[in-house]
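This report describes how one protein chain is arranged. Please keep the sequence and the 3D view at hand while reading.

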Amino acid sequence: MKQTLGNLQTVLTAAGTSKERVLKCTCFVRNEADTTAFNRMYAEFFAPGPFPARSTLLGGPTTLEILVEIEAIAARA
């Protein structure tokens, strides 16, 4: 999960934007048991806010190694 958020940071930087400019995230969490940990890491990543709009769906990634997938829409300057 932490790796997914790190990857998001890398992609945002490469696109010339930042986590502060993320408008909406769609999050796919494979296992319901992982939602509490994911919510904590997500909140830490986007702290202190404001937080982007978010949809979270259970199930998501079909590859066994992937626990979380995030699609993000961000503004660029």
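The sections below treat the model, a helix, the sheet and the nonpolar core.

## Basis of the report

The structure is a predicted model, in which local features need pLDDT of at least 70 and side-chain atom pairs count only at pLDDT 80 or more, while totals for chains, interfaces and linings use all residues. Residues are numbered from 1 along each chain as its sequence is written, and side-chain values use heavy atoms, with hydrogens and water left out.

Helices (H or I, at least four residues) and strands (E, at least two) are DSSP runs, numbered from the N terminus.

## Helix H1

Helix H1 comprises the 13 residues 2-14. At 1.5 Å a residue, H1 should span 18 Å, and its end C-alpha atoms are 19 Å apart, which agrees. The expected span is 1.5 Å times one less than the number of residues.

Thr4, Leu5, Leu8 and Leu12 of H1 are buried, where buried means under 20% relative accessible area, exposed over 50% and partly exposed in between (1.4 Å probe, protein chains only). The buried residues of H1 pack against strand S1 (22-29), helix H2 (35-46) and strand S3 (68-74), contact meaning heavy atoms within 4.5 Å.

## The sheet

Strands of a sheet pair through backbone hydrogen bonds, either parallel or antiparallel. Here, 3 strands form an open sheet of mixed pairing, in the order S2-S1-S3. Strand S2 (53-58) and S3 stand at the edges with a single partner strand each, so one side of each is left without a neighbour in the sheet.

Two strands pair if DSSP finds at least two bridges between them. S1 and S2 pair in the parallel sense over 6 bridges, and Cys27 stands opposite Thr56 in S2.

## The nonpolar core

A nonpolar core is a set of buried Ala, Val, Leu, Ile, Met, Phe, Trp, Tyr and Cys residues joined through side-chain atoms within 4.5 Å. The largest such core has 14 residues, and Leu8, Cys25, Cys27, Phe38, Tyr42, Phe46 and Ile70 have the most contacts inside it. H1, S1, H2 and S3 each supply at least two residues of this core, and H2 gives the largest share, 5 residues.

Leaving aside residues up to four places away in sequence, Tyr42 touches Leu5, Cys25, Cys27, Pro52, Ala53 and Arg54.
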